[in-house]
Amino acid sequence: MDELIETLADLVRINSVNPAYPDGALESAMAAYIQEFFEKRGVEVSQQCVFPGRPNVVARLPGRDPSGRIVFEAHTDTAGVSGMTIPPFEPHLQDGRLYGRGACDTKAGVAAMMHAVASLAEDRIQPRCEVVFAGTADEEYSYRGVVKLCEGLRADAAIVSEPTSLRLVVATKGCLRFRIRVQGRAAHSAKPHLGVNAISHMARLIAALEEDAMTLDGRPHVLLGPPTFNIGTIHGGSQVNIVPDSCVIEIDRRLVPGEELEQVWRSYCGVVANLKHSIPGFAAVVEEPMLQDLPLETATSEPVATVASQVLANLGLNSEAIGVPYGSDASKLARAGIPSVVLGPGTIDQAHAASEFVDCDEVRKACAFYRQFILAF
């Protein structure tokens, strides 16, 4: 393994599973490794507290023009390891692929960005703009790391590393997650007419929600396709001989640019309100969202996109801008006024996979891209 892949292997060995998972850890060990990496190379680096024991780590490379700044961002936490078919924290190299949890999502991007920034310092090359590398916490759960990073942050461009197969992503879907709770009335199952069956009423609600979801196909985005709707969990009842007095579903709604979070949420309040008027005894509450994330749409005319496209072309890679159906930290940076794109090594099909891996040659190409982008911007 060359030095870049050795760094990636070191990162995979660190358990940085998001604490939201049962097997979770803290991101502090990742932050400490990254900090030591930059300190050894004479690059200014510091930590930014997000939660106790869960910092962002931020490295800065001065530019010739102090008014300009580029941000490279990648998250340091990973998905959980339950169900994995390979040892999650024992990096294994086979057929040009490095295996392990986080190898693809997104420690490959972290390693590539680290080496791209450090290589300029080692070569004593001062870029035109200041370069900020940020390894952020908590992307896999509630995005608190990038939200903390954005406090007071100003920049001309941001590149977020996620597994895009080195494709230039300028549009991503947003996300709205919330619960709907149907309330019934408990009774003995021998006399169900004395109760109100929350599960039966939930079935009526689900049918109405699915009918509403059929209208989403009529609103496609040119790069992302239509919005999507999914009921991910359902819980109801306490035991078989009791009329259930409660049933709850959790909904994941993906938004496309042009949709507003509040408006979408209120549309589901409207579905529930209609059922209250048409079904005797129907009672339900649309709870406040558990997670909200706006879509990303960066114009291809923005310098961050045009320079990235040109650098990809110079490297012999596909330079066409695309959209993807998942989200990333880029939407938060864009909301802070920083034109942002997503580009990194690995495929999203391997993110969170039971045998997660990344192609090592793609990691090397990503590092070359990040370095050339700094020099070209």
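**An aromatic cluster and a helix pair**

At 0% relative accessibility, Phe 373 counts as buried in this model, which is a predicted one. Phe 72 also has a relative accessibility of 0% and therefore counts as buried. The ring centres of Phe 72 and Phe 373 lie 6.3 Å apart with planes at 45 degrees, so the pair is tilted. Since Phe 72 sits in strand β3 and Phe 373 in helix α9, the pair ties together parts that are 301 residues apart in sequence.

A search of the whole structure finds ten aromatic pairs. Another of them joins Phe 72 to Tyr 370: the centres are 5.4 Å apart and the planes stand at 50 degrees, so this pair is tilted. Strand β3 (residues 65-75) holds Phe 72 and helix α9 (residues 360-376) holds Tyr 370, so parts 298 residues apart in sequence are tied together here. Both Phe 72 and Tyr 370 are buried. Through ring pairs, Phe 72, Phe 369, Tyr 370, Phe 373 and Phe 377 are linked into a cluster.

Attention now turns to two helices. The axes of α2 (residues 28-40) and α3 (residues 103-122) come within 11 Å and cross at roughly 20 degrees. With an angle under 35 degrees, α2 and α3 are therefore roughly parallel to each other. The crossing of α2 past α3 is right-handed. On the α2 side, Met 30, Tyr 33, Ile 34, Phe 37 and Phe 38 take part in the contact, meeting Lys 107, Val 110, Met 114, His 115, Val 117 and Ala 118 of α3. By class, this contact comprises nine nonpolar residues, one polar and one charged.

Key. Residues are numbered from 1 along each chain as its sequence is written. This is a predicted model: local features need pLDDT of at least 70, side-chain atom pairs count only at pLDDT 80 or more; totals for chains, interfaces and linings use all residues. Side-chain values use heavy atoms; hydrogens and water are left out. Axes are lines fitted to C-alpha atoms, for helices over the stretch in contact, and angles run from 0 to 180 degrees between N-to-C directions. Helices (H or I, at least four residues) and strands (E, at least two) are DSSP runs, numbered from the N terminus. Angles under 35 degrees count as roughly parallel, over 145 as roughly antiparallel, 65 to 115 as roughly perpendicular and the rest as oblique. A crossing is left-handed if the near helix is turned anticlockwise from the far one by less than a right angle, and right-handed if clockwise. Contact means heavy atoms within 4.5 Å. Ala, Val, Leu, Ile, Met, Phe, Trp, Tyr, Cys and Pro count as nonpolar, Asp, Glu, Lys and Arg as charged, and the others, Gly among them, as polar. Rings of Phe, Tyr and Trp (its six-membered ring) pair if their centres lie within 6.5 Å; planes under 30 degrees apart count as stacked, over 60 as edge-to-face and the rest as tilted. Buried means under 20% relative accessible area, exposed over 50%, partly exposed in between (1.4 Å probe, protein chains only).
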